[in-house]
Amino acid sequence: MMMDAMKNLYIDTGRLVAELHELAAFSSCPEPTPAVTRVVYSDEDRAARQWFDGLFRDAGLSVRVDPIGNTFARWCPDGCDADAPAVGSGSHIDAIPHAGMYDGTVGVLGALEAVRALQRAGHRAKRPIDVVLFTSEEPTRFGLGCTGSRAMAGQLPADRLALLTDDAGDSLDAVRRRAGYDGDLAGVRLSDDAYAAFVELHIEQGPKLEEEGLDLGRVFAIAAPSTINFVVTGQGGHAGAVLMPDRHDALCAAAEMIHAIEQLCRSSPSPDCVATVGTMDIHPHAVNSIPSRVAFSLDLRDIDGVNRDGVCEAIVGENQRIAARRHVQVEHSVLNADPPADCDGPIVEALAEAADAGGYTHRGMVSRAYHDSLFMASRFPTAMLFIPCRGGVSHRPDEFAEPRHLEAGVATLARTLATLSGS
Ligand SMILES: [Zn+2]
(Lines give C-alpha, C1' and ligand atoms only; values in the text may rest on other atoms or scores of the structure.)
Protein backbone atom coordinates (compact mmCIF):
# COMPACT_ATOMS: atom_id res chain seq x y z
CA MET A 1 0.00 0.00 0.00
CA MET A 2 2.83 2.34 0.91
CA MET A 3 4.60 1.65 -2.37
CA ASP A 4 1.47 2.54 -4.36
CA ALA A 5 1.08 5.91 -2.71
CA MET A 6 4.80 6.58 -2.92
CA LYS A 7 4.76 6.08 -6.69
CA ASN A 8 3.22 9.55 -6.85
CA LEU A 9 5.85 11.08 -4.60
CA TYR A 10 6.89 14.48 -5.88
CA ILE A 11 9.38 16.75 -4.13
CA ASP A 12 9.02 20.46 -4.86
CA THR A 13 12.75 21.13 -4.86
CA GLY A 14 12.35 24.60 -6.36
CA ARG A 15 10.12 25.65 -3.50
CA LEU A 16 12.50 24.13 -0.94
CA VAL A 17 15.48 26.00 -2.38
CA ALA A 18 13.48 29.24 -2.43
CA GLU A 19 12.49 28.71 1.21
CA LEU A 20 16.13 28.05 2.19
CA HIS A 21 17.01 31.41 0.64
CA GLU A 22 14.11 33.16 2.35
CA LEU A 23 15.17 31.71 5.69
CA ALA A 24 18.78 32.81 5.11
CA ALA A 25 17.57 36.42 4.95
CA PHE A 26 16.68 36.27 8.68
CA SER A 27 20.25 37.15 9.59
CA SER A 28 22.18 39.68 11.65
CA CYS A 29 25.38 39.07 9.70
CA PRO A 30 26.72 42.36 8.32
CA GLU A 31 27.61 40.56 5.10
CA PRO A 32 24.87 39.69 2.60
CA THR A 33 23.51 36.14 2.18
CA PRO A 34 24.66 33.42 1.88
CA ALA A 35 26.50 34.58 5.03
CA VAL A 36 24.13 33.94 7.91
CA THR A 37 24.18 34.78 11.63
CA ARG A 38 21.10 33.76 13.60
CA VAL A 39 21.60 33.50 17.35
CA VAL A 40 18.92 31.86 19.46
CA TYR A 41 16.23 34.24 20.82
CA SER A 42 17.62 37.16 18.77
CA ASP A 43 15.21 39.31 16.75
CA GLU A 44 16.21 37.38 13.62
CA ASP A 45 15.61 34.02 15.28
CA ARG A 46 12.19 35.13 16.48
CA ALA A 47 11.24 36.52 13.08
CA ALA A 48 12.34 33.27 11.41
CA ARG A 49 10.20 31.27 13.84
CA GLN A 50 7.25 33.50 13.04
CA TRP A 51 7.82 32.78 9.35
CA PHE A 52 7.94 29.06 10.07
CA ASP A 53 4.70 29.27 11.99
CA GLY A 54 3.03 30.53 8.81
CA LEU A 55 4.56 27.74 6.70
CA PHE A 56 3.46 25.09 9.19
CA ARG A 57 -0.10 26.41 9.29
CA ASP A 58 -0.24 26.70 5.49
CA ALA A 59 0.59 22.98 5.38
CA GLY A 60 -2.28 22.22 7.74
CA LEU A 61 -0.04 21.27 10.65
CA SER A 62 -0.98 21.98 14.26
CA VAL A 63 1.80 23.76 16.10
CA ARG A 64 2.90 23.24 19.70
CA VAL A 65 5.67 25.38 21.20
CA ASP A 66 7.29 24.30 24.47
CA PRO A 67 8.56 26.63 27.26
CA ILE A 68 11.92 27.23 25.56
CA GLY A 69 10.67 27.45 21.99
CA ASN A 70 11.19 23.89 20.77
CA THR A 71 8.49 23.68 18.11
CA PHE A 72 6.46 20.63 17.06
CA ALA A 73 4.38 20.97 13.89
CA ARG A 74 2.11 17.94 13.70
CA TRP A 75 0.40 16.26 10.77
CA CYS A 76 -2.36 13.92 11.91
CA PRO A 77 -4.63 13.24 8.92
CA ASP A 78 -7.93 11.35 8.94
CA GLY A 79 -7.41 7.79 10.13
CA CYS A 80 -4.34 8.71 12.13
CA ASP A 81 -4.28 7.72 15.81
CA ALA A 82 -3.67 11.04 17.56
CA ASP A 83 -2.62 9.29 20.77
CA ALA A 84 -0.04 6.98 19.20
CA PRO A 85 3.65 7.74 19.64
CA ALA A 86 4.57 10.00 16.72
CA VAL A 87 7.26 9.86 14.07
CA GLY A 88 9.45 12.94 14.30
CA SER A 89 11.85 14.64 11.90
CA GLY A 90 13.61 17.95 12.31
CA SER A 91 16.73 19.90 13.14
CA HIS A 92 17.78 23.42 14.17
CA ILE A 93 17.61 26.88 12.60
CA ASP A 94 20.11 28.78 14.75
CA ALA A 95 23.35 29.65 12.94
CA ILE A 96 26.73 30.53 14.43
CA PRO A 97 28.18 33.93 13.50
CA HIS A 98 29.14 34.14 9.83
CA ALA A 99 27.82 30.70 8.97
CA GLY A 100 26.05 29.28 5.94
CA MET A 101 22.44 28.63 4.99
CA TYR A 102 22.18 24.82 5.00
CA ASP A 103 23.33 23.57 8.41
CA GLY A 104 20.22 22.53 10.34
CA THR A 105 17.83 24.44 8.09
CA VAL A 106 17.79 21.58 5.55
CA GLY A 107 16.51 19.29 8.29
CA VAL A 108 13.58 21.53 9.23
CA LEU A 109 12.49 22.79 5.80
CA GLY A 110 13.31 19.35 4.34
CA ALA A 111 11.07 17.61 6.88
CA LEU A 112 8.30 20.10 6.10
CA GLU A 113 8.64 19.46 2.36
CA ALA A 114 8.67 15.69 3.05
CA VAL A 115 5.35 16.03 4.89
CA ARG A 116 3.89 18.18 2.10
CA ALA A 117 5.04 15.53 -0.40
CA LEU A 118 3.34 12.80 1.64
CA GLN A 119 0.16 14.86 1.74
CA ARG A 120 0.26 15.28 -2.05
CA ALA A 121 0.93 11.56 -2.54
CA GLY A 122 -2.09 10.69 -0.41
CA HIS A 123 -0.13 8.87 2.26
CA ARG A 124 -2.35 7.46 5.02
CA ALA A 125 -0.37 8.03 8.20
CA LYS A 126 -1.48 5.78 11.06
CA ARG A 127 0.49 7.77 13.60
CA PRO A 128 1.22 11.52 13.73
CA ILE A 129 4.25 12.94 11.94
CA ASP A 130 5.97 15.88 13.66
CA VAL A 131 8.26 18.43 12.04
CA VAL A 132 10.51 19.47 14.92
CA LEU A 133 12.45 22.72 15.25
CA PHE A 134 14.97 22.43 18.08
CA THR A 135 15.95 25.49 20.11
CA SER A 136 19.65 26.39 20.41
CA GLU A 137 21.55 23.53 18.83
CA GLU A 138 24.59 25.77 18.54
CA PRO A 139 26.45 26.68 21.75
CA THR A 140 26.87 30.30 20.57
CA ARG A 141 24.75 32.03 23.17
CA PHE A 142 24.65 29.80 26.26
CA GLY A 143 27.91 27.87 25.84
CA LEU A 144 26.20 24.49 25.66
CA GLY A 145 25.27 22.76 22.40
CA CYS A 146 21.90 21.09 21.82
CA THR A 147 20.20 22.88 24.71
CA GLY A 148 16.70 22.16 23.43
CA SER A 149 17.15 18.49 22.64
CA ARG A 150 19.12 17.87 25.85
CA ALA A 151 16.22 19.24 27.85
CA MET A 152 13.67 17.32 25.74
CA ALA A 153 15.60 14.12 26.43
CA GLY A 154 15.67 14.85 30.15
CA GLN A 155 19.44 15.29 30.23
CA LEU A 156 19.35 18.93 31.31
CA PRO A 157 17.36 19.47 34.50
CA ALA A 158 15.10 22.54 34.62
CA ASP A 159 17.17 24.30 37.31
CA ARG A 160 20.39 23.96 35.30
CA LEU A 161 18.62 24.97 32.11
CA ALA A 162 17.23 28.13 33.75
CA LEU A 163 20.65 29.21 34.97
CA LEU A 164 22.62 28.89 31.73
CA THR A 165 23.91 32.41 31.06
CA ASP A 166 24.93 34.33 27.97
CA ASP A 167 27.86 36.74 27.60
CA ALA A 168 25.71 39.64 28.79
CA GLY A 169 25.15 37.76 32.06
CA ASP A 170 21.47 37.12 31.34
CA SER A 171 20.04 33.74 32.29
CA LEU A 172 18.33 31.53 29.74
CA ASP A 173 15.21 31.82 31.85
CA ALA A 174 15.20 35.63 31.56
CA VAL A 175 16.13 35.65 27.88
CA ARG A 176 13.47 33.12 26.85
CA ARG A 177 10.82 35.09 28.73
CA ARG A 178 11.85 38.29 26.95
CA ALA A 179 11.60 36.36 23.68
CA GLY A 180 8.02 35.43 24.53
CA TYR A 181 8.37 31.89 25.88
CA ASP A 182 7.05 31.03 29.30
CA GLY A 183 5.77 28.07 31.25
CA ASP A 184 7.44 25.60 33.58
CA LEU A 185 10.86 24.54 32.25
CA ALA A 186 10.26 21.06 33.65
CA GLY A 187 7.63 20.74 30.93
CA VAL A 188 10.28 20.64 28.21
CA ARG A 189 11.11 16.99 28.95
CA LEU A 190 9.25 14.68 26.57
CA SER A 191 7.21 11.74 27.80
CA ASP A 192 8.58 8.24 27.19
CA ASP A 193 5.97 7.54 24.52
CA ALA A 194 6.37 10.84 22.64
CA TYR A 195 8.15 9.29 19.65
CA ALA A 196 8.12 5.86 18.02
CA ALA A 197 10.93 7.02 15.75
CA PHE A 198 12.98 10.10 14.98
CA VAL A 199 14.99 10.89 11.81
CA GLU A 200 17.13 13.98 11.19
CA LEU A 201 18.10 15.08 7.69
CA HIS A 202 21.36 17.08 7.68
CA ILE A 203 24.24 18.09 5.43
CA GLU A 204 27.26 15.85 6.00
CA GLN A 205 29.61 18.68 7.07
CA GLY A 206 32.44 16.47 5.84
CA PRO A 207 33.77 15.50 2.39
CA LYS A 208 33.17 11.72 2.24
CA LEU A 209 29.92 11.55 0.23
CA GLU A 210 31.13 14.08 -2.32
CA GLU A 211 34.51 12.35 -2.66
CA GLU A 212 32.80 9.03 -3.31
CA GLY A 213 30.15 10.52 -5.60
CA LEU A 214 27.27 9.24 -3.45
CA ASP A 215 23.83 10.81 -2.96
CA LEU A 216 23.17 9.89 0.66
CA GLY A 217 24.70 8.72 3.92
CA ARG A 218 22.85 6.52 6.42
CA VAL A 219 24.21 7.42 9.84
CA PHE A 220 24.61 4.40 12.13
CA ALA A 221 26.52 6.11 14.97
CA ILE A 222 26.91 9.65 16.26
CA ALA A 223 30.20 10.66 17.89
CA ALA A 224 29.89 12.65 21.07
CA PRO A 225 32.09 15.42 22.37
CA SER A 226 33.57 15.88 25.74
CA THR A 227 34.40 19.51 26.48
CA ILE A 228 37.05 20.23 29.10
CA ASN A 229 38.50 23.56 30.17
CA PHE A 230 42.07 23.74 31.44
CA VAL A 231 43.56 26.64 33.40
CA VAL A 232 47.35 26.78 33.80
CA THR A 233 48.73 29.13 36.44
CA GLY A 234 52.41 30.04 36.49
CA GLN A 235 54.32 33.19 37.38
CA GLY A 236 54.28 36.39 35.40
CA GLY A 237 57.04 38.93 35.20
CA HIS A 238 58.97 41.36 33.02
CA ALA A 239 59.94 39.87 29.66
CA GLY A 240 63.41 41.35 30.00
CA ALA A 241 64.13 41.00 33.69
CA VAL A 242 63.36 37.34 34.44
CA LEU A 243 66.01 34.94 33.13
CA MET A 244 64.99 31.67 31.54
CA PRO A 245 65.98 29.30 34.39
CA ASP A 246 63.79 31.31 36.76
CA ARG A 247 60.64 31.26 34.67
CA HIS A 248 57.35 29.46 35.26
CA ASP A 249 55.71 30.48 32.04
CA ALA A 250 52.08 29.36 31.89
CA LEU A 251 51.93 29.57 28.08
CA CYS A 252 55.03 27.42 27.53
CA ALA A 253 53.48 24.81 29.82
CA ALA A 254 50.17 25.04 27.95
CA ALA A 255 51.99 24.61 24.64
CA GLU A 256 53.57 21.38 25.88
CA MET A 257 50.17 20.19 27.12
CA ILE A 258 48.53 20.85 23.76
CA HIS A 259 51.28 18.92 22.03
CA ALA A 260 50.71 16.04 24.47
CA ILE A 261 46.97 16.14 23.70
CA GLU A 262 47.69 15.74 20.01
CA GLN A 263 50.08 12.84 20.64
CA LEU A 264 47.74 11.01 23.02
CA CYS A 265 44.83 11.33 20.60
CA ARG A 266 46.92 10.19 17.61
CA SER A 267 48.16 7.13 19.47
CA SER A 268 44.65 6.15 20.58
CA PRO A 269 43.51 2.79 19.15
CA SER A 270 40.24 4.33 17.88
CA PRO A 271 40.51 5.91 14.40
CA ASP A 272 37.45 8.04 15.21
CA CYS A 273 39.06 9.77 18.20
CA VAL A 274 39.74 13.48 17.51
CA ALA A 275 40.99 16.23 19.83
CA THR A 276 40.84 19.98 19.22
CA VAL A 277 42.10 22.89 21.28
CA GLY A 278 40.13 25.73 19.75
CA THR A 279 40.26 28.58 22.25
CA MET A 280 42.94 30.08 24.45
CA ASP A 281 43.03 33.07 26.80
CA ILE A 282 46.43 34.42 27.78
CA HIS A 283 46.87 36.65 30.80
CA PRO A 284 47.97 39.41 30.86
CA HIS A 285 48.37 39.16 27.05
CA ALA A 286 51.11 41.75 26.59
CA VAL A 287 54.19 41.45 24.38
CA ASN A 288 56.61 42.27 27.20
CA SER A 289 55.01 40.25 29.96
CA ILE A 290 55.52 36.57 30.82
CA PRO A 291 52.12 34.82 30.70
CA SER A 292 51.01 34.07 34.25
CA ARG A 293 47.72 32.37 33.44
CA VAL A 294 46.45 30.54 30.38
CA ALA A 295 43.02 29.01 29.90
CA PHE A 296 42.34 26.68 26.97
CA SER A 297 39.52 24.43 25.87
CA LEU A 298 39.62 20.83 24.73
CA ASP A 299 36.99 19.24 22.50
CA LEU A 300 37.47 15.47 22.46
CA ARG A 301 35.24 13.15 20.38
CA ASP A 302 34.85 9.51 19.52
CA ILE A 303 32.06 7.07 18.68
CA ASP A 304 33.62 4.79 21.30
CA GLY A 305 32.75 6.43 24.62
CA VAL A 306 35.01 4.18 26.69
CA ASN A 307 38.00 5.00 24.49
CA ARG A 308 37.20 8.73 24.56
CA ASP A 309 36.99 8.78 28.34
CA GLY A 310 40.25 6.79 28.58
CA VAL A 311 42.05 9.29 26.34
CA CYS A 312 40.60 12.10 28.43
CA GLU A 313 41.95 10.56 31.62
CA ALA A 314 45.38 10.12 30.02
CA ILE A 315 45.38 13.77 28.94
CA VAL A 316 44.49 15.02 32.41
CA GLY A 317 47.26 12.88 33.95
CA GLU A 318 49.87 13.97 31.41
CA ASN A 319 48.99 17.64 31.86
CA GLN A 320 49.50 17.25 35.60
CA ARG A 321 52.94 15.70 35.05
CA ILE A 322 53.90 18.54 32.70
CA ALA A 323 52.70 21.11 35.24
CA ALA A 324 54.63 19.47 38.09
CA ARG A 325 57.86 19.37 36.05
CA ARG A 326 57.50 23.05 35.12
CA HIS A 327 56.41 24.15 38.61
CA VAL A 328 53.08 25.54 37.44
CA GLN A 329 49.56 24.51 38.42
CA VAL A 330 46.89 23.07 36.14
CA GLU A 331 43.21 22.70 36.91
CA HIS A 332 40.50 21.26 34.70
CA SER A 333 36.72 21.28 34.62
CA VAL A 334 34.52 19.01 32.53
CA LEU A 335 31.76 21.02 30.85
CA ASN A 336 30.09 18.03 29.28
CA ALA A 337 30.88 14.41 28.49
CA ASP A 338 27.92 13.09 26.54
CA PRO A 339 27.82 9.41 25.63
CA PRO A 340 28.02 8.65 21.87
CA ALA A 341 24.92 7.11 20.31
CA ASP A 342 24.19 4.13 18.11
CA CYS A 343 21.39 4.74 15.64
CA ASP A 344 18.37 2.47 15.51
CA GLY A 345 18.99 -0.53 13.20
CA PRO A 346 15.46 -0.80 11.76
CA ILE A 347 15.32 2.94 10.98
CA VAL A 348 18.72 2.81 9.27
CA GLU A 349 17.37 -0.17 7.29
CA ALA A 350 14.23 1.81 6.38
CA LEU A 351 16.48 4.62 5.12
CA ALA A 352 18.37 2.14 2.92
CA GLU A 353 15.14 0.78 1.43
CA ALA A 354 13.79 4.28 0.87
CA ALA A 355 17.02 5.35 -0.85
CA ASP A 356 16.93 2.26 -3.07
CA ALA A 357 13.29 2.92 -3.95
CA GLY A 358 14.29 6.36 -5.24
CA GLY A 359 17.31 5.01 -7.11
CA TYR A 360 19.79 6.92 -4.97
CA THR A 361 23.29 5.74 -4.09
CA HIS A 362 24.14 5.57 -0.40
CA ARG A 363 26.46 4.21 2.26
CA GLY A 364 26.53 3.77 6.01
CA MET A 365 28.59 6.31 7.92
CA VAL A 366 29.43 7.87 11.26
CA SER A 367 28.37 11.40 12.17
CA ARG A 368 31.48 13.08 13.48
CA ALA A 369 29.71 16.30 14.32
CA TYR A 370 27.05 15.91 16.96
CA HIS A 371 23.46 16.86 16.52
CA ASP A 372 20.12 17.04 18.31
CA SER A 373 19.71 13.41 17.24
CA LEU A 374 22.42 12.42 19.73
CA PHE A 375 20.06 13.40 22.54
CA MET A 376 16.89 12.11 20.85
CA ALA A 377 18.71 8.77 20.48
CA SER A 378 19.08 8.53 24.26
CA ARG A 379 15.28 8.27 24.58
CA PHE A 380 13.80 7.23 21.22
CA PRO A 381 14.74 5.03 18.24
CA THR A 382 16.69 7.53 16.10
CA ALA A 383 18.74 7.75 12.93
CA MET A 384 20.17 10.44 10.65
CA LEU A 385 20.32 10.90 6.90
CA PHE A 386 23.18 12.91 5.37
CA ILE A 387 23.37 14.63 2.01
CA PRO A 388 26.68 15.80 0.50
CA CYS A 389 27.83 19.39 0.90
CA ARG A 390 30.37 20.99 -1.42
CA GLY A 391 33.95 20.37 -0.31
CA GLY A 392 32.68 19.17 3.07
CA VAL A 393 32.49 22.84 4.04
CA SER A 394 30.17 23.91 6.86
CA HIS A 395 29.84 26.76 9.37
CA ARG A 396 31.02 29.06 6.58
CA PRO A 397 29.11 31.29 4.13
CA ASP A 398 30.22 29.13 1.19
CA GLU A 399 28.43 26.10 2.64
CA PHE A 400 26.44 24.61 -0.27
CA ALA A 401 24.25 21.61 -1.05
CA GLU A 402 23.15 20.87 -4.61
CA PRO A 403 19.41 20.89 -5.34
CA ARG A 404 19.58 17.31 -6.65
CA HIS A 405 20.99 16.18 -3.30
CA LEU A 406 18.37 18.14 -1.40
CA GLU A 407 15.79 16.34 -3.51
CA ALA A 408 17.40 12.93 -2.84
CA GLY A 409 17.43 13.65 0.88
CA VAL A 410 13.85 14.86 1.10
CA ALA A 411 12.46 12.07 -1.12
CA THR A 412 14.26 9.46 0.97
CA LEU A 413 13.13 11.11 4.18
CA ALA A 414 9.53 11.18 2.92
CA ARG A 415 9.58 7.48 2.01
CA THR A 416 11.13 6.66 5.38
CA LEU A 417 8.52 8.70 7.26
CA ALA A 418 5.86 6.90 5.22
CA THR A 419 7.21 3.51 6.29
CA LEU A 420 7.61 4.52 9.93
CA SER A 421 4.17 6.13 10.19
CA GLY A 422 2.32 3.52 8.17
CA SER A 423 2.16 0.80 10.76
ZN1 LIG B 1 23.58 21.40 12.43
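Pro284 sits in the loop between strand E12 (280–283) and strand E13 (289–290), where strands are DSSP runs of E with at least two residues, helices are DSSP runs of H or I with at least four, and both are numbered from the N terminus. The peptide bond that joins His283 to Pro284 is cis, with omega about 0 degrees. This is a predicted model, in which local features need pLDDT of at least 70, side-chain atom pairs count only at pLDDT 80 or more, and totals for chains, interfaces and linings use all residues. Residues are numbered from 1 along each chain as its sequence is written.

**Overall fold**
- The chain has 13 helices and 18 strands.
- Its radius of gyration, 23 Å, is close to the 22 Å that the globule rule gives for 423 residues, so the chain is as compact as a globular protein of that length. The radius is taken over C-alpha atoms, and the rule is 2.2 Å times the number of residues to the power 0.38.
- The C-alpha trace spans about 80 × 45 × 40 Å along its principal axes.
- Of the 423 residues, 49% are buried. A residue is buried if 20 or more other C-beta atoms lie within 10 Å of its own, exposed if 12 or fewer do, and partly exposed in between, with C-beta atoms placed from the backbone.
- Among contacts with a separation of 6 or more, 79% are between residues 24 or more positions apart. A contact means that the C-beta atoms of two residues, placed from the backbone, lie within 7 Å.

**Backbone exceptions**
- Most residues other than glycine have a negative phi, and most peptide bonds are trans.
- Thr33 and Pro34 are joined by a cis peptide bond with omega about 15 degrees. Pro34 belongs to the loop between helix H2 (13–24) and strand E1 (36–38).
- Tyr41, in the loop between E1 and helix H3 (43–58), has a positive phi of about 70 degrees. Tyr41 is buried because 25 other C-beta atoms lie within 10 Å.
- Gln205 also has a positive phi, near 65 degrees. Its loop runs between strand E7 (195–203) and helix H8 (208–212). Gln205 has 18 C-beta neighbours inside 10 Å and so counts as partly exposed.

**Cys146**
- Cys146 is in the loop between strand E6 (129–134) and helix H5 (147–152).
- This cysteine counts as buried because it has 27 C-beta neighbours inside 10 Å.
- Leaving aside residues up to four places away in sequence, Cys146 touches Glu137, Asp372, Leu374 and Phe375.
- Leu20 is 126 residues from Cys146 along the chain, and their C-alpha atoms are separated by 22 Å.
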